Amino acid sequence: MRQLFLVTLVCMVSIAGAQTSDRRDYSATRLDGQTITIDGKLDETAWKTATWQGNFRQRQPHEGMQPLQETEFAILYDDNHLYAGVRAWDHYPDSIVQRLSRRDDPDGDLIGIEFDTFNDKRTAFAFIVTAAGVKFDFVISNDGEKEDPTWDPVWWAKTTVDSTGWFAEIRIPLSQLRFENKNTDGWGLQVGRIIFRNQEMSVWQPIERKLNGWVSQFGRLNGITNIKPKKNLDILPYVVARTERFEKEPENPFREKGSKSFADAGFDAKIGVTSNLTLDLTVNPDFGQVEADPSQVNLSTYETFFREQRPFFIEGKNIMSYPLMFGDGDLAVEGLFYSRRIGRRPHYYPEVNDDEYLNMPDFTRIIGAAKLTGKTRNGWSFGLLESVTAREYADIRNHRSERKVEAEPLTNFAIGRVQKDFNDGNTMIGGMITSVNRDLRTEELEYLHRSAYTGGFDFVHKWKNKTWEVNYSQYFSHITGTEDAITRTQKSWTHLFQRPDASHLKLDTTRTSLTGQGGKLVFGKLGGNLKFIQAVAWKSPGLEINDAGYMRQADFIFQVFWLGYRVYKPFFIFRDLNANFNQWTEWNFGGDLINPGGNINMHANLKNYWDIHLGSNINGRIIRTNELRGGPALKTPGQWNVWWGFGSNNQKKFTLGSNGNIARSFENHYRENESLNISLGYRPMKTLRLSLTPGFSHNRASLQYVKTIENNNGNRWVFGHLDQKTLSASFRVNLNLTPELSLQYWGQPFISAGKYSGFRYITNSMADNYYDRFRQFSESEISYDTEEEIYRVAETEGRTYEFDNPDFNVKEFLSNLVIRWEYRPGSTLFLVWSQNRKSYHNDGSFEISRDTGRLFGEHPHDVFLVKLSYRIGN
């Protein structure tokens, strides 16, 4: 529930209001030599003589009505700072919720102030503080469609509470804002407040929720004159000391001591090139304080997508975004730039002899990176990113010799993004280009692309108070490399040019380059209670963006229709409600119907402050072109699933949430799945929150790919029946002693076991009858060698071959303990302890007690890290 109101306040959703009958104005007061002490008391003379303005109106739950509690604010300024004071009156001060949390994770009562300093009606800088004094800041872009909470300017805020309510005092250096001289009189302004116990949000400038847009409907901040833009300069050097401890292996030269230690240094910098252009630099960055990626087992043909968690790359990420698709599902992560490509694990994993030991880098070292972002007075927004990653080597040794093998080439990444808005922010044009160039010097790495380029154009136009919208984009890719590199790309699971039944595809093993294109066209009505979108997207077979971007599948044409209805006013048991209908159809470039389907879903917030959601998907017959990993397409039965979830009142000390899913095929038990996740939270005091999120899933598939057997008599695509069970849990402790000092712990045990049986091979993958598509091995045809852990097949037709036992039992425990102290604004001390335990067995059975014992019986790999940074700047 709290997250819903925060999302509303930071304008992350496009249903934010877009029109109001009365535009409000506020005039700031200039300080004439007076000093403001930021202590939350608002007792200086300047505050007493300032212009205070109130008359807020509810935005939620009862839009337009007078709030239950009054709010007033005042704004002062001088040559170097803006000052904001807020009086959040409250008749019941004992009910003010003051929960300590980490910066950018606010909880409890809060106030926020947002400035459109560009005066472009699309971009705003937001500063929020909770009643407990926790700060939250972010940049709003695209008129409220996007927000970037990774922006962390240097500013000050203090709060106090007394018998009449609570009060906030804020000081914002002008160097942290971007503006032009000509816009200093007449900025956009919005002020908001959330009363946590009532889940009430009120705003100074009323904006109707049913219409589209946010920043474009701000009130006006006047009276700020004779100030000059300030150039920001922040330099953040750091030092880090790291110790690793692991199980001793006397015969392994890399692990014979059971530990290793090192120290390192680097720096980050933020330089104001002009008043509205900022250059971010990082040299030899360290991300040791970042959480590890969660565990999972991927049996699909799609690459796993991991979210970015490294501070340099997540700050300002919105300007670098160029999505290929639409919506917020699995396809929404696809884009021309996927920052996890920079600093990834090395590509090449060399083979070693029986008496040799291998030491591989965990990631590719980033030598340096630079990022220039900003917005000009003419409405041009742009971002430029340049990064160089090091040449990395695999170290191979035994007790007699050692050698190094290049595992990753020296690589340059360059990303450029530009957008221009005009027509009062209703029209936007933009473009993006990416390039990846590798210095390939060894034969082992010739399978990589030598160069990879992508580029795209996009156009958005909105009209009738931003109610209607058309969105068009077109992009391309071009890669070069050796014949082997381009052949590998054509045969990869993303492309599959070698498919024997794809008449529109042709594998060319002599190519040294490959070019592709894609795009999308969206038309929709996004204002009002009733909304809809009609959209189509396409990706040609030759499109390849995965050197710098992320794409799951090429050879793809996708049509979708979405219809949604929003109820913003409370009724019956609901505070608000939205219902949606989706229909989609997928084809390939050969004109084959791949995947028709649709769903209905509903999300609601209840008057008791609980939230619920549920929905159901249905898919018709699906043609899976990648299931045989380069073989012919496989016809699979249609399927349905239902999903649900709920969350309890987040105002309580104890919270409960859950979500689940049930999926079934329409025939022959082709796929069956059940999953259930539970979320438990407990806050025994305002400084401490505990949460536990266990989850269990059970997946059965009667046709799960095992291996392709290639021989002169034709390929055999071996499949089996898979029974997979997965248990995981996430445990978090958040202890916040002050807004600047916090302790966070995260631990995740993970167990996944898959048992294969009933092995079979594909005979006629497109047969009308499900059982005519494969033939199961008889008991006399297949046997298992327990010593070698392989299956041996001797078909009655005379073919003989073998394949490894595909059963698996994966166990992993990840944990991360971080103590973070911002000992002065922008300067931080981190103390980190990370632990990793892993265990793997070729045993598909699932036994919780045995598997847990095996997991915690493994020797842990511990990492202890101390990192100190110190901000030098204005």
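Entry 1. I looked up Asp137 in this predicted model and found a salt bridge to Arg103, with the closest N and O atoms 2.5 Å apart. A salt bridge here is a side-chain nitrogen of Lys or Arg within 4 Å of a carboxyl oxygen of Asp or Glu. Asp137 sits in strand 8 (residues 135–141) and Arg103 in the loop between strand 5 (81–89) and strand 6 (110–116), so the pair ties together parts that are 34 residues apart in sequence. Strands are DSSP runs of E, at least two residues, numbered from the N terminus. I noted Asp137 and Arg103 as buried. Buried means under 20% relative accessible area, exposed over 50%, and partly exposed in between (1.4 Å probe, protein chains only).

Entry 2. I checked Lys404, which meets Asp395 in a salt bridge (3.6 Å, N to O). Lys404 is exposed because its relative accessibility is 54%. Asp395 is buried because its value is 8%.

Entry 3. I then checked Arg499, whose side chain meets that of Asp501 in a salt bridge (3.3 Å, N to O). Arg499 is buried, at 6% relative accessibility, whereas Asp501 is partly exposed, at 35%.

Entry 4. A note on sources: residues are numbered from 1 along each chain as its sequence is written, and side-chain values use heavy atoms, without hydrogens and water. As the model is predicted, local features need pLDDT of at least 70 and side-chain atom pairs count only at pLDDT 80 or more, while totals for chains, interfaces and linings use all residues.

How values were computed: Helices (H or I, at least four residues) and strands (E, at least two) are DSSP runs, numbered from the N terminus.
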